[in-house]
Amino acid sequence: MKSNDKNFIQRLKRQKEDALEFIVDTYLPLIKGVTYKVLSPLENEGVIEECMNDILLSIWNNSNKFHGDSTDFRKWICAIAKFKSIDYYRKNSKRVEFTTNEMELSSEKSAEEELIMLEDKTELIQLIHLLEPVDRDIFIMKFFLGLKTEDISAKLDLTKASIDNRIYRGKKTLYTKAMQLNWKGSV
């Protein structure tokens, strides 16, 4: 017997490999979409592939915990994909270092303006690294990667209000530290 859209859940629970093949054929685009949405800021195809494999392994290993029909199954694998991807993002975003070489400069500016902007960005990055790790991640995602507060909230498992508060306090902290550094530099 081969898996189809009516019997694949029962066959998956009995650990039949053709059920997993059916799931890959049917649901892989959905799994890829969820995974890419969360992990694309890392710009690491290897991590994305590893995460998708881990998602499929999780579906296989936890199939007995699923109860419902194919509509519920779709929601279930979306949840698995989302949470696995967020876990991979958290684990791998700590390894990503943002350097000034990754910052693009506009070619319309003069050499002096580009140098000043590069120095400003370098100072800003140094200041951001003085923040707590969670706040640093929020600032990088918000202001360097351009992510929306809702996306940051989902990726870090914090409320939008918490993200906004951390940004507000972080800006105050950065301003204070920048003033201290400028004051010390001019003495």
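At 22% relative accessibility, Lys 84 counts as partly exposed, a label given to residues between buried (under 20% relative accessible area) and exposed (over 50%), with a 1.4 Å probe and protein chains only. Asp 54 is likewise partly exposed, with a relative accessible area of 22%. Lys 84 and Asp 54 form a salt bridge, their closest N and O atoms being 3.8 Å apart; the term stands for a side-chain nitrogen of Lys or Arg within 4 Å of a carboxyl oxygen of Asp or Glu. This pair links distant parts of the chain, with Lys 84 in helix H4 (residues 70-93) and Asp 54 in helix H3 (residues 45-61), 30 residues apart. Helices here are DSSP runs (H or I, at least four residues), numbered from the N terminus.

The model is a predicted one, in which local features need pLDDT of at least 70 and side-chain atom pairs count only at pLDDT 80 or more, while totals for chains, interfaces and linings use all residues. Residues are numbered from 1 along each chain as its sequence is written, and side-chain values use heavy atoms, leaving out hydrogens and water.

By the salt-bridge rule, the count comes to four. Another of these joins Asp 135 and Arg 166, with N to O at 2.7 Å. Asp 135 lies in helix H6 (residues 133-144) and Arg 166 in helix H8 (residues 160-186), so the pair ties together parts that are 31 residues apart in sequence. Asp 135 is buried, at 13% relative accessibility, whereas Arg 166, at 23%, is partly exposed. A further salt bridge connects Asp 18 with Arg 11, whose closest N and O atoms are 2.8 Å apart. Here Asp 18 is buried at 18%, and Arg 11 is buried at 8%.

Beyond four places in sequence, Ile 59 touches Leu 12, Ile 23, Ile 31, Phe 73, Trp 76, Ile 77 and Ile 80, a contact meaning heavy atoms within 4.5 Å.

H2 and H4 pack at an angle of about 35°, with their axes 9 Å apart; axes are lines fitted to C-alpha atoms over the stretch in contact, and angles run from 0 to 180 degrees between N-to-C directions. Their contact includes Ile 23, Ile 31 and Leu 39 of H2, and Phe 73, Ile 77 and Lys 82 of H4. Lys 37 is also found in H2 and is exposed, at 61% relative accessibility. The C-alpha atoms of Lys 37 and Lys 82 are separated by 9.1 Å, although the two residues are 45 apart along the chain.

In H7, the buried residues include Thr 149, Ile 152 and Leu 156. Just after this helix, Asp 157 takes a positive phi of about 60°.

Finally, a word on confidence. The mean pLDDT of the chain is 81, and 81% of its residues reach 70 or more; pLDDT is the predictor's confidence in each residue, from 0 to 100. Over residues 98-107 pLDDT stays under 50. Where pLDDT is low, the predicted coordinates should not be read in detail.

Methods. Helix = DSSP H or I, 4+ residues; strand = E, 2+ residues; numbered from the N terminus.
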